[in-house]
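Please keep the sequence and the model in view while going through them.

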Amino acid sequence: MSASTGLHDITVAVARAAQQPFTIEPARIRGPQGDEVLVRVVATGLCHTDLIVRDQYYPVPLPAVLGHEGAGIVEQVGPNVKDLKAGDHVVLTYGACGHCNPCASGHKAYCKDFYPLNFGGSDAHGHTALQTSEGEPLHDHFFAQSSFATYALAREHNAIKVPTDTPLELLGPLGCGIQTGAGAVINSMKVLPGSSFVAYGAGAVGLSAVMAACVAGATTIIAIDIVSSRLALARELGATHTVNSREANIVEAVREITGSGADFALESTGRPEVLEAGIEALCGLGTIGIVGAPKLGTRASFDVNNLLLGGRSIRGIVEGDSVPQVFIPQLVRLYQQGRFPFDRLVKFYSLEQINQAAEDSTKGVTLKPILRMAAN
Ligand SMILES: NC(=O)c1ccc[n+]([C@@H]2O[C@H](COP(=O)([O-])OP(=O)(O)OC[C@H]3O[C@@H](n4cnc5c(N)ncnc54)[C@H](O)[C@@H]3O)[C@@H](O)[C@H]2O)c1
Ligand SMILES: [Zn+2]
Ligand SMILES: [Zn+2]
């Protein structure tokens with residue numbers, strides 16, 4: 001840290017323009033204020049949401065430091081931090097205001113300020129904590145962390161303490177993609193023992209849902225994707241059936257396997273035509289959750305009477321309705337017992353290899369890239 005400026009010299013990956021590669025740059029970050037914690041990032045997962053934001057599906061102002069699945073070690077705490085201290089291992093998750101109606105009723109993923117707090121590109125006053133080494137402000141506060149960086153500022157409420165006996169470099173994705181898939185099954189839809197569950201999309205989110213459906217006791221678990229290697233892994237992780245939607249009609253396949261349609265389903269492809277098929281393939285009283293994020297303004301349609309007369313439900317799900325302080329440690333315990341082997345999804349890269357990681361994720365070669373920061 002520089003004594004004259006109070007700024008730390010760090011390295012970041014910057015998204016400067018849509019459809020363009022991230023650039024690795026030196027930067028500076030200020031120290032923690034209020035309830036903030038400065039975290040030395042050990043590793044950060046790359047989620048599909050980082051890529052759709054880089055490509056401006058969601059108009060986060062650029063240039064920006066993205067990254068929202070950080071894991072690291074608390075380096076310094078702000079004056080109002082109560083329960084965290086330097087040296088604690090933490091997983092960084094989404095930001096929420098903590099006092100609006102959804103927050104106060106335990107539904108922080110539906111905070112009324114979720115969009116500005118996670119996608120606003122600065123703090124509530126328009127200030128950033130990051131700047132380039134020339135002093136140009138860099139948009140940040142992405143998911144209240146911006147963790148494609150060697151250091152990140154989070155708030156106490158979104159830095160979740162995790163045990164030190166589990167490899168920290170693995171845990172970042174629990175803060176978004178993995179808690180989303182697993183939480184959609186366990187918290188949002190409450191998938192029942194003996195039921196049928198369909199994962200539309202067998203990416204990181206969909207496969208986390210498959211593993212969680214096993215934990216929940218579903219007995220028919222169908223994974224649907226267009227990448228055969230992902231379907232093969234889905235079987236290893238507990239899917240009882242797989243369907244390649246390039247080769248089969250999804251609705252017919254699900255109806256044939258389940259007899260009457262799916263009790264529960266999760267749409268994580270972000271494609272409206274897959275969602276429409278998923279609604280069609282529900283059984284009476286069935287529920288489909290939507291987590292896949294298409295461009296803002298995307299519409300899908302459904303037969304109103306099919307929904308009405310069958311008592312079927314469609315619901316949007318953010319972050320698997322996770323209360324991260326509770327759910328992330330639960331997922332760590334399931335992982336430790338071998339019942340939630342999310343390490344099977346992971347491939348490690350260095351921060352400098354972020355564009356390779358993004359390309360491998362887009363091509364379907366890597367399920368969950370994790371960027372490891374060089375020791376510093
Ligand atoms: N709602 C939330 O809180 C939340 C949180 C995290 C991620 N997301 C979103 O969830 C989605 C999934 O994220 P991910 O990290 O698993 O991405 P991913 O790219 O790893 O997974 C998407 C999968 O969908 C498959 N797919 C694409 N088109 C298909 C089709 N026509 N039929 C069947 N499968 C198809 C892809 O092959 C891929 O395996 C993204 O849209 C992401 O932005 C939402
Ligand atoms: Zn709130
Ligand atoms: Zn994410």
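**Notes on the predicted model**

1. P63 is found in the loop between α1 and β4. The structure is a predicted model, and in it a cis peptide bond with omega of about 0° joins L62 to P63. In general, most peptide bonds are trans, and most residues other than glycine have a negative phi.

2. Q19 has a positive phi, near 65°, and is placed in the loop between β1 (7-14) and β2 (23-30). S146 also has a positive phi, near 50°, and belongs to the loop between β7 (137-138) and β8 (151-155).

3. Which residues coordinate the zinc ion (ligand 2)? The donors are the SG atoms of C97, C100, C103 and C111, at 2.3 to 2.4 Å. The angles among these four donor atoms run from 104 to 118°, and the site is tetrahedral. Along the sequence, the donor residues follow the spacing C-x2-C-x2-C-x7-C. C97 lies in the loop between β5 (89-92) and α2 (101-104), and C111 in the loop between α2 and α3 (114-119); the pair therefore ties together parts that are 14 residues apart in sequence. C97 has a relative accessible area of 18%, under the 20% limit, so C97 counts as buried. C111 is buried too, at 4% relative accessibility.

4. H68, in the loop between α1 (48-54) and β4 (70-77), and C176, in the loop between α4 (168-171) and α5 (177-188), are 108 residues apart, and the pair links distant parts of the chain. Both residues are buried: H68 has a relative accessible area of 0%, and C176 one of 5%.

5. Which residues of helix α7 (residues 228-236) are buried? They are R230, L231, L233 and A234. These residues cover an arc of only 160° around the axis, and they are therefore on the same side of α7. S228 and E236, on the other side of α7, are exposed. The buried residues of the helix pack against α6 (204-216), β11 (220-225), β12 (241-244) and α12 (354-363). Just after α7, G238 takes a positive phi of about 125°.

6. Finally, the chain may be considered as a whole. Its secondary structure comprises 12 helices and 17 strands. The radius of gyration is 20 Å, close to the 21 Å that the globule rule gives for 376 residues, so the chain is as compact as a globular protein of that length. Along the principal axes, the C-alpha atoms fill a box of roughly 70 × 40 × 35 Å.

7. Burial and contacts complete the description. Of the 376 residues, 56% count as buried. Among contacts between residues at least 6 apart in sequence, 69% join residues at least 24 apart. The chain exposes about 15,300 Å², of which carbon and sulfur atoms supply 51%.

Technical notes: Residues are numbered from 1 along each chain as its sequence is written. Chains are lettered from A and ligands numbered from 1 in the order in which they are written. This is a predicted model: local features need pLDDT of at least 70, side-chain atom pairs count only at pLDDT 80 or more; totals for chains, interfaces and linings use all residues. Side-chain values use heavy atoms; hydrogens and water are left out. Donors are N, O and S atoms within 2.8 Å of the metal (3.2 Å for Na, K and Ca); water is not among the atoms, so sites may look incomplete. Four donors count as tetrahedral if all angles lie between 85 and 135 degrees; four count as square planar and six as octahedral if opposite donors are over 155 degrees apart and all others between 65 and 115; anything else is irregular. Helices (H or I, at least four residues) and strands (E, at least two) are DSSP runs, numbered from the N terminus. Buried means under 20% relative accessible area, exposed over 50%, partly exposed in between (1.4 Å probe, protein chains only). The arc is that of the directions from the helix axis to the C-beta atoms. Contact means heavy atoms within 4.5 Å. The radius of gyration is taken over C-alpha atoms; the globule rule is 2.2 Å times the number of residues to the power 0.38. Accessible areas come from the Shrake-Rupley method with a 1.4 Å probe; for residues, only the protein chains shown count as cover.
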